Amino acid sequence: EIGAGGGFGQMVKLVPGREYSVSFRARTADPYLKEERIDLWSMAASEYTLIDRKEQLQSVRGKNVIGLFKPGPLESRSDEPTLAAMTGKALQLLSEGPNGFFLMVEGSQVDRAKHANDRKYFFQQMESFDEAVKVVLEYARTRPDVLVVVTGNHETGGMSLDGKPGNWEIKYSTREHTGIDVPLWAKGPRSGLFRNITGIID
């Protein structure tokens, strides 16, 4: 079992009525939290190899690894591992098992950018996700037994292009989810089963 990303602040069980500030690497996640922390992170140490720094990712080994690098979501900062790097490490570790594996890679901040109608952040996050997809496709290139599926669970923002070639303008119609179809690409064994899929609901 391999997991990597942000979300260290969620690795606590909260008991109402006690005052506690969740902190991670000397940074306070919520100074107003009035609850007690039961440290699930430390509890997981008996079964998982735990890492919380970018430089630990390259050398980590083990069948069960959790890497959490921020209390909240990763935001493509220089002190955080890239989505592509985490994807490559996950593929490396999971490939060492004898029974195959399932790996889900999420570009989670794409949706956040679209809710905010933030074009710059959206394209930054799509580029990050694209680099992770490249890592997976390169891995699958020499593994004919690997099926790769790339899709989204919904569209957000109703983004469209207005204008003409050379003078396009990006526009949004909402800050919420929409019913616009999302693309789905599949490559590898039985990828043909994904043809003509319609009517999928988030």
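**Exercise 1.** Find which elements each supply at least two residues of the lining of the second largest pocket.

*Solution.* Start with the elements: E1, H2 and H4 each supply at least two lining residues. Helices (H or I, at least four residues) and strands (E, at least two) are DSSP runs, numbered from the N terminus. Next, pick the top contributor: H4 gives the most, with 6 residues. Then sort the lining by class: 14 nonpolar, 14 polar and 7 charged. Here Ala, Val, Leu, Ile, Met, Phe, Trp, Tyr, Cys and Pro count as nonpolar, Asp, Glu, Lys and Arg as charged, and the others, Gly among them, as polar.

This is a predicted model: local features need pLDDT of at least 70, side-chain atom pairs count only at pLDDT 80 or more, and totals for chains, interfaces and linings use all residues. Residues are numbered from 1 along each chain as its sequence is written, and side-chain values use heavy atoms, without hydrogens and water.

**Exercise 2.** Decide whether Leu-184 counts as buried, partly exposed or exposed.

*Solution.* Locate the residue: Leu-184 is found in strand E13 (residues 184-187). Recall the cut-offs: buried is under 20% relative accessible area, exposed is over 50%, and partly exposed is in between (1.4 Å probe, protein chains only). Now apply them: Leu-184 has 32% relative accessibility, so Leu-184 counts as partly exposed.

**Exercise 3.** State which element gives the largest share of the lining of the largest pocket.

*Solution.* The answer is H4, with 8 residues. Finish with the classes: this lining divides into 25 nonpolar, 10 polar and 8 charged residues.
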